[in-house]
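Q: Please take a close look at the part of this structure that surrounds the ligand. A connected account for a reader new to the structure would be welcome.

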Amino acid sequence: MAAVVQDAAKAWDRAAAGWDRNTTLIRAWLAEANEAMLDAARIGPGMRVLDVAAGAGDQTIDIAGRVGPTGAVLATDVAPAMVALAENNLRRAGLHWTEARIADAEALDMDGAGFDAAICRLGLMLSQRPLLALQGILRALAPGKRFAALVFSHAEANPCIAITSRIARTYAGLPSDHQPPPGSLLSLGEHGLVSDLLARAGFQGVSVRSLTAPFRVPSCGEYLDFVRCAGSPIMNLLRPLSPKIQERAWDEMARELDQFTTPLGWAGPNELLLCAGERP
Ligand SMILES: C[S@@+](CC[C@H](N)C(=O)[O-])C[C@H]1O[C@@H](n2cnc3c(N)ncnc32)[C@H](O)[C@@H]1O
C-alpha cells in the first residue's frame, strides 16, 4: 500500500468513531443523494454489490435492504477502525448477507469478481489516484453492470469545506490551494474532471449531475463539532499544531461559518456530483 494511503488510513481510523457517532446526522444530510446513487447503480433484489470506501457501513445497510437476503454486499474500506465499525453495525442490523473487508480502493484486486453493481459514497475524491480506483472497480463488475458514486463538487458550491480547508491549511503553514490537491475533499469537483476519469477508466454511458445537499444542524457549533471529530482531512491538517493554535483555527472557522446561521438554525450549502457509468 502506498505510504500516502497508509497515512490516510491512519487518519480515518482516528475519525472513525466520530463518523460513526454522527450516523444520524450524515444519514439525514445524504438521504436523497444516497437514494439517487443507488438508483443510478440500478441496485435491486438478489444483486451482488461492491461498496467502496464504505466507512462505518451506513449506505451498506441501505444496499443490503435493496438486495435482500438473496443478494450480497461487500463493504470495503482502507481504515481498519472503519471496517470494524461497519462489521459491528451490519451484524447488529442482522444483515448476514453482508461482509466488511479492509481494502485500498486504489488496489482492489477483484478482477473478474463479476459484481452486479458497485458504488462509492464520498470516497473517490479522497483517492490520490482515482483513475486506478475506477479501473479496479470496472474490472470487479460484470459486463453491462453499473457503478455510481457521490463526490463533492467545486469550492464555490461547497463554501464550508472551502473555508475549513483554507483555514486549516493556513494554520498548518501550507500554501493556499488554488487547485485542490489530489486526494482532498474538493479534488474531483471541477467541471468535466470526474466524467473524464470515468471515461478514461473504460466506463461507457457516463453521466454526471449535481445534487444539492445542505448540511442542516441547529447551530454552527454543532457543525464544527462534527468536523472536529469526523472530518478527517481537516483534523489531520491541524493535528501537528499545539492545542492552543488548534483552538485558534477552530475559532476562526466558527466566525466565518456563522454566515450560514439562519433564523431556523444553521444550513451549510453543499453540492454533490452523482456520477455513473457502465462496464462495456
Ligand atoms: C467521508 S468517509 C465516507 C464513508 C461512507 N462511504 C459514508 O458515506 O458514510 C470516506 C471514507 O473513505 C475511506 N477511504 C479513504 N481513502 C481510501 C482508499 N484509498 N481506499 C478505501 N477507502 C478509503 C475512509 O477510510 C473513509 O471511511
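A:

Arg121 stands opposite Leu150, a residue of strand β5. The model described here is a predicted one. The two strands β4 and β5 run parallel and are joined by six bridges. Strand β5, which spans residues 141-152, is mostly covered, with nine of its twelve residues buried.

Arg121 also belongs to the ligand's surroundings. The ligand is surrounded by 17 residues, and the closest are Ala53, Asp77, Asp104, Ala105 and Arg121. From Arg121, a polar side-chain atom lies 2.6 Å from an oxygen atom of the ligand. Backbone atoms take part as well: a polar backbone atom of Ala105 is 2.8 Å from a nitrogen atom of the ligand, and a polar backbone atom of Val78 is 3.3 Å from a nitrogen atom of the ligand. Of the 600 Å² of accessible area that the ligand has on its own, the protein covers 98%. Helix α1, residues 3-21, supplies the largest share of the shell around the ligand, namely three residues.

Arg121 leads on to a further residue, Gln59. Leaving aside neighbours within four places in sequence, Gln59 is in contact with Arg121, and also with Asn34, Asp51, Ala54 and Ile119. With the backbone oxygen of Ala54, the contact is made by the side chain of Gln59, which reaches that atom at 2.9 Å. Gln59 has 3% relative accessibility and therefore counts as buried, the cut-off for that term being under 20% relative accessible area.

Gln59 has its place in helix α3. This helix covers residues 58-67, and because seven of its ten residues are buried, helix α3 is largely enclosed by the rest of the structure. The buried residues are Asp58, Gln59, Thr60, Asp62, Ile63, Ala64 and Val67. Just after helix α3 comes Gly68, which takes a positive phi of about 70°.

When neighbours within four places in sequence are left aside, Ser232 is in contact with Ala11, Trp12 and Ala15. With Ala11 there is a polar approach: a polar atom of the Ser232 side chain lies 3.4 Å from the backbone oxygen of Ala11.

There remains a sheet elsewhere in the chain. Three strands form this open sheet in the order β7-β9-β8, with antiparallel pairing. Its edge strands are β7 (215-217) and β8 (261-262), each of which pairs on one side only. Between β8 and β9 (residues 265-268), the antiparallel pairing extends over two bridges, and Thr261 has Trp266 of β9 as its bridge partner. Helix α8, residues 220-230, lies across β7, β8 and β9 and runs at about 120° to β7.

Terms used. Residues are numbered from 1 along each chain as its sequence is written. This is a predicted model: local features need pLDDT of at least 70, side-chain atom pairs count only at pLDDT 80 or more; totals for chains, interfaces and linings use all residues. Side-chain values use heavy atoms; hydrogens and water are left out. Two strands pair if DSSP finds at least two bridges between them. Helices (H or I, at least four residues) and strands (E, at least two) are DSSP runs, numbered from the N terminus. Contact means heavy atoms within 4.5 Å. Axes are lines fitted to C-alpha atoms, for helices over the stretch in contact, and angles run from 0 to 180 degrees between N-to-C directions. Buried means under 20% relative accessible area, exposed over 50%, partly exposed in between (1.4 Å probe, protein chains only). A residue is near a molecule or strand if one of its heavy atoms lies within 4 Å of it. A polar contact is a pair of N or O atoms within 3.5 Å; within protein, one must be able to donate a hydrogen and the other to accept it, and residues adjacent in sequence count only if both atoms are side-chain atoms. Accessible areas come from the Shrake-Rupley method with a 1.4 Å probe; for residues, only the protein chains shown count as cover.
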